[in-house]
Amino acid sequence: LLDPITLDGAGQMFGAIFLGQELYMLPVSIDDLELYRPSPAGGTRVPIRVEVTELDRDARRVACNMEVQDGAGRVWFRIKGWRDVLFRWRRPLLETQRLPRLNALADPVDDVLSPGQGTVVVLPRETLRDAQIERLARLYLDAREWPAFEATAGSYRRRREWLMGRIAVKDALRLHEGTDTDGLLLHPSSIVIETEDDGRPVARRLDGGPVPCISLAHVKAGAAAVAGPEPVGIDLESVGAGQDLELDAFTRAAERKRLETWLAAPDAVTRLWCAKEAAAKATGRGLQGRPRSLEVMRIESDGTLVIRHDDAPGWTAVRTEIRDGKVLTVAVRRAGLASACLLYTSDAAADDY
């Protein structure tokens with residue numbers, strides 16, 4: 001009586017009305033279908049009229065009545081009570097699920113690191129709004145990562161945060177590696193993120209190709225990750241996360257004196273804590289409960305913090321920024337250059353070391 005593709009086409013027209021509002025829908029039922037005459041010949045342009053009868057974003061319901069004409073001014077068929085369930089997906093979620101080798105879920109952050117230092121991404125929790133977590137897991141995870149995902153089954157929040165971290169770090173790596181000769185990104189499931197005994201994440205490509213250094217961080221509001229050619233670290237915290245921190249607990253007296261003016265700025269305590277977290281990740285050691293073992297030696301003209309670690313040779317350059325109410329901190333390990341800058345441009349630091 002009716003080509004089902006035609007029936008679906010009417011529903012697609014209804015769905016197209018809401019695309020600009022980032023609302024996507026899946027049909028679940030109709031109340032009534034009335035057929036008035038045979039289908040027009042193929043190629044006929046047929047008008048369609050849609051009356052929206054219900055739209056409840058909170059309940060994720062939408063419904064309409066539709067009338068499709070035959071192209072000659074007569075009614076072909078009518079649908080009463082076409083009902084859809086709403087998905088408030090953001091465009092990146094839709095496009096990445098459709099074409100993962102052309103799209104990424106995480107947003108690149110271009111102005112934190114210099115070109116060639118690495119790729120930084122952030123993944124706001126809002127991007128995964130109404131997402132089917134297990135479906136995303138099947139898209140992004142290799143089978144070897146599935147047991148770790150299953151281990152989070154007792155808490156939806158923990159499961160979502162764990163997966164957001166994996167999505168962010170894989171997208172950072174994929175965007176850092178760039179596209180192949182066909183203009184395609186690596187498929188996210190072709191990358192495996194493994195955890196070392198000390199908790200440090202490392203990446204491996206299933207095709208055996210080289211991988212950059214990685215670091216990830218996640219909080220309730222989202223996740224962030226960085227991939228680069230040198231050891232890197234990243235941290236993400238809400239701006240107010242450091243309001244209960246005591247400077248004496250994680251800084252040295254000489255360090256506080258050196259940073260006295262910088263610490264007077266709003267949110268400086270949170271930024272300093274995050275800087276040490278990121279720097280510790282970049283050394284591959286982590287804080288290990290000893291935040292005072294990392295010390296800010298100087299602040300460069302662009303705001304970069306230069307941090308020394310008691311137990312790791314070399315230096316770490318750290319950038320901190322406030323974005324959308326969160327402190328984003330990225331650290332990159334450096335060799336002798338920072339040491340030379342320290343000795344020749346910072347008298348206070350030279351006196352100490």
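These are my notebook entries on what I looked up in this predicted model.

**Confidence**

I started with the pLDDT, which averages 91 over the protein, with 95% of the residues scoring at least 70. Residues 336-353 fall below 50, and I noted that this stretch still has 21 contacts in the model beyond near neighbours in sequence. Where pLDDT is low, the predicted coordinates should not be read in detail. I left that stretch alone after this.

**Phe-77**

Next I went to Phe-77, which sits in strand 5 (residues 75-87). Is Phe-77 buried or exposed? I found it buried, because its relative accessibility is 1% and the cut-off for buried is under 20%. I then listed what Phe-77 touches beyond four places in sequence: Leu-2, Thr-6, Leu-7, Leu-33, Glu-34, Leu-35, Tyr-36, Met-66, Glu-67 and Val-68.

**Ile-30 and a nonpolar patch**

Leu-1, Ile-30, Leu-33 and Leu-35 make a nonpolar patch of about 390 Å². Ile-30 belongs to the loop between strand 1 (24-29) and strand 2 (32-35), and I logged it as partly exposed at 36% relative accessibility.

**Thr-152**

I picked a loop residue for comparison. Thr-152 lies between helix 4 (146-150) and helix 5 (156-177). Despite the loop position, Thr-152 is buried, with a relative accessible area of 2%. I asked which residues Thr-152 touches, leaving out those up to four places away in sequence. My list reads Arg-158, Arg-159 and Trp-162.

I followed the chain through two hairpins. Strand 14 (residues 305-309) pairs with strand 15 (residues 312-323) in the antiparallel sense over four bridges. Two residues join these strands in a hairpin, and I found His-309 bridged to Ala-312. Strand 15 goes on to pair with strand 16 (residues 326-334), again antiparallel, over nine bridges. There I noted Glu-321 with Leu-328 as its bridge partner. This second hairpin has two residues between the strands, and Asp-324 takes a positive phi near 50° in it.

**Salt bridges**

My search of the whole structure gave 37 salt bridges. I opened three of them.

- Glu-134 pairs with Arg-138, the closest N and O atoms being 3.5 Å apart. Both are in helix 3 (residues 133-140), four residues apart, about one turn of the helix. I have Glu-134 as partly exposed at 35% and Arg-138 as exposed at 55% relative accessibility.
- Arg-290 meets Asp-311 at 2.7 Å, N to O. Arg-290 is in the loop between helix 9 (268-283) and strand 13 (294-299), and Asp-311 is in the loop between strand 14 and strand 15, so the pair ties together parts 21 residues apart in sequence. Both count as partly exposed, Arg-290 at 36% and Asp-311 at 35%.
- Glu-295 meets Arg-308 at 3.6 Å, N to O. This pair links strand 13 with strand 14, the two residues being 13 apart. I found Glu-295 buried at 1%, and Arg-308 is buried as well, at 14%.

To finish, I traced a network in which salt bridges with shared partners join Asp-31, Glu-54, Asp-56, Arg-61 and Arg-83.

Notes
Residues numbered from 1 in each chain as written. Predicted model: local features only at pLDDT ≥ 70, side-chain atom pairs only at ≥ 80, totals over all residues. Heavy atoms only, no water. Buried < 20%, exposed > 50% of the residue type's maximum accessible area, 1.4 Å probe, protein only. Contact = heavy atoms within 4.5 Å. Patch = residues over 30% accessible without salt bridge, like charges linked within 9 Å, V, L, I, M, F, W, Y side chains within 5 Å. Areas by Shrake-Rupley, 256 points an atom, 1.4 Å probe, with all protein chains shown as cover. Salt bridge = Lys/Arg side-chain N within 4 Å of Asp/Glu carboxyl O. Pairing = 2+ DSSP bridges. pLDDT = per-residue confidence, 0-100.
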